[in-house]
Amino acid sequence: MAAWRRDIDEIRKLLLEIEAGRESYCALPRAAAEAMMLPVEDCLPDAEARKLAYHLSLLDSAGLARFSRLSNGNWHVRGLTWSGHELLDNIRDGDIWNAVRERHQQLGGFSMEILSDLAKELVRAKARSLESSDA
């Protein structure tokens, strides 16, 4: 089994897609779909499909999104949770996301709790900046 690292950019991308209305993901590797004689149009190459399944599983286990997994490798999106919406609201802005990513890279990574706290702190600072410019 391959070792996987959590990719924060992938997590953000998936949260944005789900919020935008994405209804399902095919995490069945293309080779497996071909072997089972299933349609392969929506299937990804093996490594990409496994990475996708891993990150969907992380979103689910972290309580950020809910899914129904079907036996054919499809993940039906049931939606973001309250926590998923909260995190996404804090990391949606591109400038804030870039600042979070930069600190993440500088430190070599950190927990999602710290990521969320850092994003909240940056959002608050931006809100204070907007308030002072309005005054």
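Visitor: Why does Asp 60 count as buried?

Guide: This is a predicted model, and in it Asp 60 has a relative accessibility of 19%. Buried means under 20%, so Asp 60 counts as buried. Its place is in helix H3.

Visitor: What does Asp 60 touch, leaving out residues up to four places away in sequence?

Guide: Asp 60 touches Ala 65, Arg 66, Phe 67 and Arg 69.

Visitor: What makes Asp 60 and Arg 69 a salt bridge?

Guide: The closest N and O atoms of the pair are 3.2 Å apart. The cut-off is within 4 Å, so Asp 60 and Arg 69 form a salt bridge. As for Arg 69, its relative accessible area is 51%; exposed means over 50%, so Arg 69 is exposed.

Visitor: How many salt bridges does the structure hold?

Guide: There are 11 salt bridges. Among them is the one between the side chains of Asp 9 and Arg 101, at 2.7 Å from N to O. Asp 9 sits in helix H1 and Arg 101 in helix H5, so this pair ties together parts that are 92 residues apart in sequence.

Visitor: What about Glu 19 and Arg 92: what do their side chains do?

Guide: They meet in a salt bridge, 2.6 Å from N to O. Glu 19 lies in helix H1 and Arg 92 in the loop between H4 and H5, so the pair ties together parts that are 73 residues apart in sequence. Glu 19 has a relative accessible area of 34%, so it is partly exposed. With 31%, Arg 92 counts as partly exposed as well.

Visitor: Which residues are linked in a network of salt bridges?

Guide: Glu 10, Lys 13, Glu 17 and Arg 22.

Visitor: On to helix H6. How do you know that its end-to-end distance agrees with what a helix should span?

Guide: H6 covers residues 112–134, which makes 23 residues, and at 1.5 Å a residue they should span 33 Å. The end C-alpha atoms are 33 Å apart, so the two agree.

Visitor: Which residues of H6 are buried, and what do they pack against?

Guide: Met 112, Leu 115, Ser 116, Leu 118, Ala 119 and Leu 122 are buried. The buried residues of H6 pack against helices H1 (8–19), H4 (82–91) and H5 (94–107).

Visitor: Why is Ala 119 called buried?

Guide: Its relative accessibility is 0%. The limit is under 20%, so Ala 119 counts as buried. Setting aside neighbours within four places in sequence, Ala 119 is in contact with Asn 90, Ile 91, Ile 96 and Val 100.

Visitor: What makes up the largest nonpolar core?

Guide: That core has 28 residues, and Leu 15, Leu 59 and Leu 115 have the most contacts inside it. The elements giving two or more residues to this core are H1, H3 (46–61), strand E2 (65–69), strand E3 (74–80), H4, H5 and H6.

Visitor: Which residues does Leu 15 touch, not counting those up to four places away in sequence?

Guide: Leu 15 touches Leu 59, Leu 64, Leu 80, Leu 87, Leu 88 and Ile 91.

Terms used:
Residues are numbered from 1 along each chain as its sequence is written. This is a predicted model: local features need pLDDT of at least 70, side-chain atom pairs count only at pLDDT 80 or more; totals for chains, interfaces and linings use all residues. Side-chain values use heavy atoms; hydrogens and water are left out. Helices (H or I, at least four residues) and strands (E, at least two) are DSSP runs, numbered from the N terminus. The expected span of a helix is 1.5 Å times one less than its number of residues. Buried means under 20% relative accessible area, exposed over 50%, partly exposed in between (1.4 Å probe, protein chains only). Contact means heavy atoms within 4.5 Å. A nonpolar core is a set of buried Ala, Val, Leu, Ile, Met, Phe, Trp, Tyr and Cys residues joined through side-chain atoms within 4.5 Å.
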